[in-house]
Amino acid sequence: MRIFVGNRLLSALLASAALVATAGFAEAKTVIHVMHQGDPGWVKAYGDVATRFEAANPDVDIEMIYAPHDAYNEKFSAAVMAKQLPDIMELDAPFLANYVWSGYLQPVKPLIDKDLLDDMTDSNIAQGTYPIDKDLYAIGLTDSSVVLYGNKKYLEAIGARIPKSVDDAWTREEFEGYLEKLSKLEGVKWPIDTFRGYGIKTEWITYAYGPLLESAGCDLIDRKTWKASGTLDGEACVKALTMMQDWVKKGWVVPTSSGTNQFYAEGQPAALAMGGHWFYAEASAAMKDNIVVMPLPKIGDKGVSPNGTWIWGISATSENPEIAGKFLSFLLKDKEYREYAKSQSAYPGLKSFAAESPLYAEGGPLAVAFEQASKTAIARPPHPAYPTITSAFMQAVDKIFNGGDAQEALTAAAKKIDEDIEDNAGYPPFDEQK
Amino acid sequence: MSDLALTQPVPLAIARGNGKRSLRIVQSLCILVIALVMISPLFMLLIASLKDDRFRILADMGSFRAFWVSDPTLSNYKEIAHFSGELAYGRYLFNSLAILVATVVSGLVINSMAGFVLAWGSLRGKAALLALVVALYVIPQESIIMPLVVMMSRAGLTDTFAVQILPWVASPLYVFLFYQFFAQLPKELYEAAEMDGASAFRIYRSIYMPLSLPALATVSILMGIESWNQYLWPTLVTQTDYARPIAVAIATFFGQDSIYWDRAMAASVLMMIPVLILYLAFQRWFVSSFVGSAVKG
């Protein structure tokens with residue numbers, strides 16, 4: 001009996017030891033935290049990649065941290081303050097300079113598979129590069145652009161010329177002339193949707209309207225002296241924004257209250273749309289052959305288009321940067337992730353992905369968008385003060401579109417930006433760049 | 001006929017009766033219009049949640065079609081009714097419910113106790129303490145949110161249910177509400193119970209709490225709504241889907257590139273139901289607390 005009890009005790013002890021060992025083994029797993037944003041489709045796509053990575057690497061746990069798009073920056077600030085930065089974070093490309101300057105990111109070149117680095121397009125390299133040390137701090141499968149979508153039926157009705165490449169984009173005179181004609185065309189409620197409905201909580205205004213203004217000779221800040229006064233509130237910017245305000249006053253632009261799509265909504269009340277490349281998938285599904293994709297108009301002497309999107313960086317505080325790099329490489333090569341990105345008309349940031357994306361190949365419906373990347377794309381100012389620059393600019397544009405005085409609003413924005421730069425002693429070493 | 005009507009004097013009583021009836025009709029019409037204005041967004045939300053085309057929802061929004069669905073479907077509800085994985089909206093709904101119940105129950109106990117002590121306790125500097133409670137109420141939540149995040153993370157509470165409950169259990173507003181309610185009850189009640197040998201806790205539990213149903217209902221409803229609608233706080237302190245509440249989960253439908261109105265509407269309808277039930281359960285006392293305070297005012 002004693003022996004029996006002893007055996008049971010021994011078995012229990014062994015079982016406990018095994019449990020402890022298993023628990024110990026479970027604890028020994030390396031946990032990689034990945035912070036990201038996105039809609040349900042992207043959330044699922046990232047989650048599925050994480051599951052596949054865990055299956056291939058049983059000693060690693062990937063913990064996905066979802067941050068709502070409209071509260072991403074607040075969530076990021078909270079993580080910084082709480083010293084809980086994730087190992088990997090998705091970040092909006094124009095904010096990269098600020099993050100690197102603040103010491104949140106580490107260079108990714110030594111951590112990412114070399115074949116992926118060689119596969120990056122120039123525009124993708126540009127969006128992930130910090131201008132001071134020219135090092136690569138983030139990488140992504142994708143990049144982005146904005147084009148001018150047109151309703152073929154309406155454009156044919158007014159006899160508009162359809163540009164086939166970036167080189168023959170509409171001039172300002174043509175563009176405004178067509179807007180005026182469209183405003184009088186039956187069935188057209190608004191000549192153009194510029195997606196004012198995105199509001200000022202996203203990057204949209206700076207991202208999409210900035211290039212139009214730059215085309216007119218304006219810029220958000222002088223990119224050599226890093227001073228906004230004299231540039232953002234200069235004559236070119238005031239004129240350019242007064243021009244856009246005039247479009248709004250004439251009722252040519254879809255108002256904020258009408259939401260984020262009047263181009264292919266029922267009845268197709270907007271004739272043109274200045275929309276992101278991501279807009280194509282849904283627009284073409286709704287409009288079939290009635291959609292045309294054109295380059296952004298040339299308001300001044302040169303055409304300008306935006307670039308940059310949400311890309312992946314590895315935090316400076318990551319205790320396992322090699323594994324984080326391994327996961328990022330796995331993510332960017334993952335076939336199903338790429339398939340999902342393709343279904344969303346994702347703009348290629350890797351050459352291999354471009355080759356897999358017939359939408360963007362020569363002759364493809366979005367070829368002109370891809371052409372913009374190499375011919376007209378200009379990045380948003382790569383400066384640590386960018387969060388202030390974009391916020392001040394967006395508020396000024398919002399005021400102007402709502403009837404405010406352009407000079408007054410831009411002067412206030414320029415002052416706010418310069419004050420932020422002064423408050424940070426010029427963000428050295430940016431102040432030595434001149 | 002019209003000549004006759006003009007020449008015959010109308011009896012005063014009949015005229016008054018007609019006047020009253022007209023007034024009643026006007027009043028009823030006004031109430032009907034106000035009710036329609038208040039109900040129409042909810043009705044629109046419900047109708048939109050039964051449409052499976054998000055672009056149609058958007059297109060319909062500016063017209064009367066927003067209040068009509070020709071081919072209703074529950075597909076949006078089916079899409080979100082998952083209980084596992086990253087998009088487990090069913091589970092997030094239960095997370096929110098658990099947080100609401102825990103916050104309200106513990107909040108009722110803590111705040112009522114504090115209110116009771118402020119009203120009847122023999123504390124030194126009670127007046128100053130009461131002034132402090134009122135002063136704390138005017139501090140906006142946003143101004144203390146970041147230090148609170150740091151505190152909670154240092155306490156190791158990030159990504160737990162506790163982090164969504166603990167900071168909001170005690171509230172100056174509810175302490176003051178209970179204080180006001182208890183202070184209005186007759187002093188004799190307290191003295192008589194004390195003379196019978198009841199302890200302060202016994203007096204609070206057996207006499208004052210049963211008498212404070214209107215205050216309990218008011219605090220339950222206000223606290224429940226507050227907890228249910230929390231968005232920024234859980235966004236900052238939840239990481240994974242473990243304790244994610246429904247308000248944060250709904251944010252996934254508002255992506256960078258597009259808004260999934262169909263599923264957002266269905267999730268919003270589901271999100272609305274528990275607070276409506278909470279209100280309906282307590283509304284009798286809730287209304288009486290307002291009426292009572294107005295009369296006593």
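Among contacts in chain A between residues at least 6 apart in sequence, what percentage join residues at least 24 apart? The figure is 78%, where a contact means heavy atoms within 4.5 Å.

Before I go further, a word on conventions: this is a predicted model, in which local features need pLDDT of at least 70 and side-chain atom pairs count only at pLDDT 80 or more, while totals for chains, interfaces and linings use all residues. Residues are numbered from 1 along each chain as its sequence is written, chains are lettered from A and ligands numbered from 1 in the order in which they are written, and side-chain values use heavy atoms, with hydrogens and water left out.

Let me stay with chain A. Its secondary structure comes to 17 helices and 12 strands, these being DSSP runs numbered from the N terminus, with helices (H or I) of at least four residues and strands (E) of at least two. Taken along the principal axes, the C-alpha atoms of chain A fill a box of roughly 100 × 55 × 40 Å. Of its 434 residues, 57% count as buried; here buried means under 20% relative accessible area, exposed means over 50%, and partly exposed is in between, with a 1.4 Å probe and protein chains only. The accessible surface of chain A is about 17900 Å², and 54% of that belongs to carbon and sulfur atoms, the areas coming from the Shrake-Rupley method with a 1.4 Å probe. As for charge, the 41 positive and 58 negative charges of chain A have mean positions 2 Å apart, where Lys and Arg count as positive, Asp and Glu as negative, and His and the chain ends are not counted. Each charge is placed at NZ of Lys, CZ of Arg, CG of Asp or CD of Glu.

Now some local detail in chain A. In helix H15 (residues 367-375), the buried residues include Ala367(A), Val368(A) and Glu371(A), and the buried residues of H15(A) pack against strand E7 (146-151), strand E10 (291-294) and strand E12 (347-348).

Two backbone features of chain A deserve a look. The peptide bond from Pro428(A) to Pro429(A) is cis, with omega near 5°, and Pro429(A) is found in the segment after helix H17 (406-423). Lys134(A), which is not a glycine, has a positive phi near 55°; this lysine lies in the loop between helix H6 (122-127) and strand E5 (138-139), and Lys134(A) counts as exposed because its relative accessibility is 61%.

For distances within chain A, consider two threonines. Thr225(A), in the loop between helix H9 (204-215) and helix H10 (235-249), is partly exposed at 36% relative accessibility, and its C-alpha is 34 Å from that of Ser318(A), 93 residues apart in sequence. Thr242(A), found in helix H10, is partly exposed with a relative accessible area of 35%, and its C-alpha is separated by 36 Å from that of Leu359(A), 117 residues apart along the chain.

Turning to chain B, an unreviewed UniProt entry lists residues 93-282 under "domain: ABC transmembrane type-1"; such positions are given in the numbering used here, feature names are shortened, and annotations may be inferred rather than shown by experiment. Over residues 93-282 the chain is 77% helix and 0% strand, with the end C-alpha atoms 21 Å apart. The unreviewed entry also lists transmembrane regions in chain B, among them 127-149 and 203-225. Residues 127-149 are 87% helix and 0% strand, with end C-alpha atoms 31 Å apart, whereas residues 203-225 are 96% helix and 0% strand, with end C-alpha atoms 30 Å apart.

Helix H12 (residues 213-229) of chain B has 17 residues and reaches 24 Å from its first C-alpha to its last, close to the 24 Å expected, that expected span being 1.5 Å times one less than the number of residues. H12(B) is mostly covered, with 12 of its 17 residues buried, including Pro214(B), Met223(B) and Trp228(B).

Where does Val149(B) lie? This valine is in helix H7 of chain B, and Val149(B) counts as buried because its relative accessibility is 4%. Leaving aside neighbours within four places in sequence, Val149(B) is in contact with Ala78(A), Ala82(A), Trp233(B), Leu236(B) and Val237(B). Its C-alpha is separated by 11 Å from that of Leu232(B), 83 residues apart along the chain.

Is Asp159(B) buried or exposed? Asp159(B) is buried, with a relative accessible area of 13%, and it has a positive phi of about 65° although it is not a glycine. Asp159(B) is found in the loop between helix H7 (141-154) and helix H8 (162-169).
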